[in-house]
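Please read them with the model open.

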Amino acid sequence: ASFTISLRTVDKITVTIKLRPGVLPRCQIRFKNVSRSELKIKPGETMTFTFTCSTPEKYFIMEIQKNIDCVSGPCPFGDVHLYPPGLPRLNRTFIWDVKASTKAGLELRFSAPWLRQIEPGEMCPDFVSYNINSCIDVTTVNIGTFCRNGSVSRVKLLGGVVMSLHLPWDSPVTTSGFNIANRASIKRLCIIESILNGESSITLMSPNYPLGFPEDELMTWQFVIPSNMRASVFFHNYSLSNCERKEERVEYYLPGSLSNPEVFKLSDSQPANIAGSFNLSLQGCDQDTQNPGILRLLFQVVVQHPQVDENVTYLVDLSKEWNMTVTIHFEGWPSHIPSMSEPICLICKDPRTCDRVLTLVSGTIYKISFLCKDLSRLRITAEKGISCVDLRWCQRKIYSLSVPMAITKLPIRLHKFIWKLSAPDPINIEITSPSLKLQQHVPEQRCNTSYSYSIVSATPETELNVGIFCPGGSIEKIQMRNNITISLKTFGKGFLNESNHQDLKMSFVPHIKDECTFTVSPDPKAKVYLQTPSWLYGLPPYVSISWYVVVPSKQVARLAFSKDRMGITCETGRAYVNIKEETLGAEETVRREDELLPEPRKMYHDFWVNISNCKPLDKMQLALQFWVTFADRQIDLGLILGMVAGAGVLVAIGLTVCCVKKKKKKSQNPMVGVYNANVNTQVPRKQGLFTKGRKTNESHVYAVIDDAMVYGHLLKESNGSVAPEVDVYRPFDGPIGSLPPSPPPLSFRKDIKHSNTSNTEEPPPLTDTDHDAYTFAHQKSGQSEDNGDTNEKNNGDTSTSLLENKEQDSSVE
């Protein structure tokens with residue numbers, strides 16, 4: 001088909017048809033039997049042409065530009081038409097270049113359904129878009145790009161304007177949709193009017209966004225809002241330039257305000273819950289010529305009906321709290337940002353200060369209200385810091401890790417409460433749950449409560465995810481060496497009822513040896529599962545963890561591991577599992593990473609389980625789980641019979657000795673008085689406090705003895721060196737209190753009990769990997785104990801005392 005375009009000179013319209021950028025010239029324009037890739041028709045010309053292909057819209061675009069002079073001649077007020085008619089069906093752009101004086105600005109008025117501003121690069125749903133540029137002398141400022149169906153009804157511009165309308169080739173649009181209303185001096189860059197009749201949300205941007213608002217310029221947005229509606233302003237993205245003079249700011253003219261204009265910084269919370277129409281102006285500054293920076297602003301205006309409960313206030317008293325923040329936010333914050341079209345929930349700390357996210361700080365009392373149709377979409381996240389610098393002061397304090405009632409009373413679900421516990425190196429942290437105790441969340445024993453605690457112990461070098469715990473278990477106490485983060489997370493609505501029963505406590509304690517120590521006090525009927533921290537990623541290298549398990553009286557515990565090996569190979573050091581009961585003479589069971597873990601065993605007393613890691617090879621990780629069950633102790637019939645038989649033997653021996661003594665007593669010679677040279681012959685003196693010791697105590701001296709029992713010759717034969725059987729120190733082999741058991745000595749044997757056998761084989765030589773830092777320590781044997789005898793060192797040597805006294809008496813004679 002052929003097309004004829006005829007342009008009148010008076011219209012000052014130029015039509016240009018050219019190839020689309022980036023398209024190969026597979027189609028041509030044929031004009032007067034000449035093929036070309038571009039055709040330009042000027043005012044007063046008429047041209048007839050055809051295309052060499054049947055789908056020219058794939059290859060060509062068209063620009064129709066009309067020049068309008070409102071300076072030297074009358075300005076054509078009224079509707080702007082799409083002219084000329086009969087144009088080919090190509091993607092086309094209509095451009096109206098209107099010249100105007102800066103003393104008399106132009107007003108563009110748009111017909112319903114008005115316009116909606118979009119961000120650069122965004123596409124309109126129907127691909128019909130408007131672009132508005134303001135021309136001041138030789139400077140062009142991009143006011144913005146707009147789609148149809150919005151709230152922008154008018155735009156006033158200082159100086160001339162270049163207006164563009166982009167239409168796709170198949171668009172049914174036949175009118176421009178705007179008119180030139182009048183000329184009026186506005187003394188600012190532009191004024192954009194937006195009409196919002198019902199509940200809605202709009203987004204607007206400063207001119208030249210995101211490249212930067214012109215230096216030292218002023219512009220205004222006028223919002224027309226019914227008096228029965230409420231509007232709120234939110235700044236979502238902004239940046240500031242480097243000012244040499246003045247200050248960048250926004251100014252509001254608000255209905256009913258006694259201080260118009262109200263001035264705000266761009267970083268301030270912007271006015272909210274505005275009743276009726278208002279103006280918002282953006283003022284730039286004189287920028288630094290060397291480093292001007294960029295002033296830009298993207299903001300949102302939300303209009304909604306007054307909420308039924310907007311006058312209902314909730315008291316949040318944080319005046320007695322310390323180092324705590326409370327954030328009320330929408331669900332999914334901060335990772336999820338709701339779209340502009342989603343219903344909005346606002347939190348207000350006063351009638352004009354509202355936002356989607358509101359942060360409250362400790363030491364203050366707030367009266368907050370909500371502009372929200374559905375409070376179930378709101379959440380609370382709180383954080384509290386507790387620290388200790390001087391253990392002498394903070395060791396006596398017990399801190400309650402419970403959610404304050406000021407938070408639980410709000411009609412909003414608590415999402416998370418975080419305690420950050422910090423202390424210097426010599427001070428450690430102890431977590432207790434005296435009444436409820438804690439259950440470790442493991443695959444075999446999952447938490448089903450309305451809340452749980454996530455505990456993470458961290459230093460700048462290492463982070464240890466201790467695990468997830470919930471109330472109602474067997475763990476009474478957790479001691480940790482590093483700074484701790486405890487996060488309480490809620491599930492469902494049940495926490496509001498259970499929050500009154502929280503009993504998690506925290507205190508600062510002196511230095512502990514292991515990275516983490518658990519005290520477990522299970523119910524006699526319970527089966528307790530316990531696993532190493534950092535379960536998903538494995539225990540960090542060189543970390544040692546201990547569990548102290550309390551065995552109820554008249555019960556026997558059964559300890560078993562969930563697998564038979566540790567499953568790692570050490571690159572440096574050795575990994576150990578140590579088990580020891582807290583009883584006199586208990587044997588310690590030790591296994592290395594290259595050995596089988598202990599078989600299930602019975603434990604009759606409280607016991608320790610210690611797991612110490614090495615540096616595993618490659619990506620191997622140490623993750624162990626064990627469980628403990630209880631049963632009643634069974635009475636051993638054989639043991640009872642043995643005890644009865646033993647008692648019978650003892651009775652028989654006693655009767656025999658008694659009979660022998662009686663018989664001997666009848667045949668004894670008369671008693672002989674023997675002079676005892678060890679009797680104290682000194683003159684009695686005044687006794688001091690605590691002066692009577694073994695030497696002055698005659699309980700070890702016989703005044704009269706049997707003549708058959710004289711033993712002076714024994715003393716001569718031994719030269720006084722016979723050691724008595726009293727007051728001799730014996731190594732302590734009993735329980736060691738609250739300390740966990742020690743790993744084996746460096747010359748490790750498979751089991752400590754084997755060292756007492758008759759096997760005299762030499763131990764293997766030590767290797768470099770055997771020199772590890774163990775986490776348990778034995779009490780050193782051979783250390784003397786104080787026997788309470790303060791007068792002499794050798795009070796226990798009775799024979800020596802007898803000789804000394806005898807020599808003294810001889811010298812007196």
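1. Basis. This is a predicted model, in which local features need pLDDT of at least 70, side-chain atom pairs count only at pLDDT 80 or more, and totals for chains, interfaces and linings use all residues. Residues are numbered from 1 along each chain as its sequence is written, and side-chain values use heavy atoms, with hydrogens and water left out.

2. Salt bridge count. The structure holds 21 salt bridges. The term means a side-chain nitrogen of Lys or Arg within 4 Å of a carboxyl oxygen of Asp or Glu. Side chains of opposite charge can pair when their charged atoms come close.

3. Glu63 and Lys18. Their side chains meet in a salt bridge, N to O 3.6 Å. Glu63 sits in strand E7 (residues 60–69) and Lys18 in strand E2 (residues 13–19), so the pair ties together parts that are 45 residues apart in sequence. Strands (E, at least two residues) are DSSP runs, numbered from the N terminus. Glu63 is partly exposed at 28% relative accessible area. Lys18 is partly exposed too, at 27%. Here buried means under 20% relative accessible area, exposed over 50%, and partly exposed in between (1.4 Å probe, protein chains only).

4. Glu321 and Lys384. This salt bridge has an N to O distance of 3.5 Å. Distant parts of the chain are linked: Glu321 is in the loop between strand E28 (314–317) and strand E29 (324–330), Lys384 is in strand E34 (residues 378–387), and the two are 63 residues apart. Glu321 is partly exposed at 21%. Lys384 is buried at 15%.

5. Glu476 and Lys437. The closest N and O atoms of this salt bridge are 3.9 Å apart. Glu476 belongs to strand E41 (residues 475–480), while Lys437 is in the loop between strand E37 (427–432) and strand E38 (438–440), 39 residues apart. Glu476 is partly exposed, at 32%. Lys437 is buried, at 18%.

6. Leu536 lies in the loop between strand E45 (528–531) and strand E46 (544–549). Its 73% relative accessibility makes Leu536 exposed.

Conventions: Helices (H or I, at least four residues) and strands (E, at least two) are DSSP runs, numbered from the N terminus.
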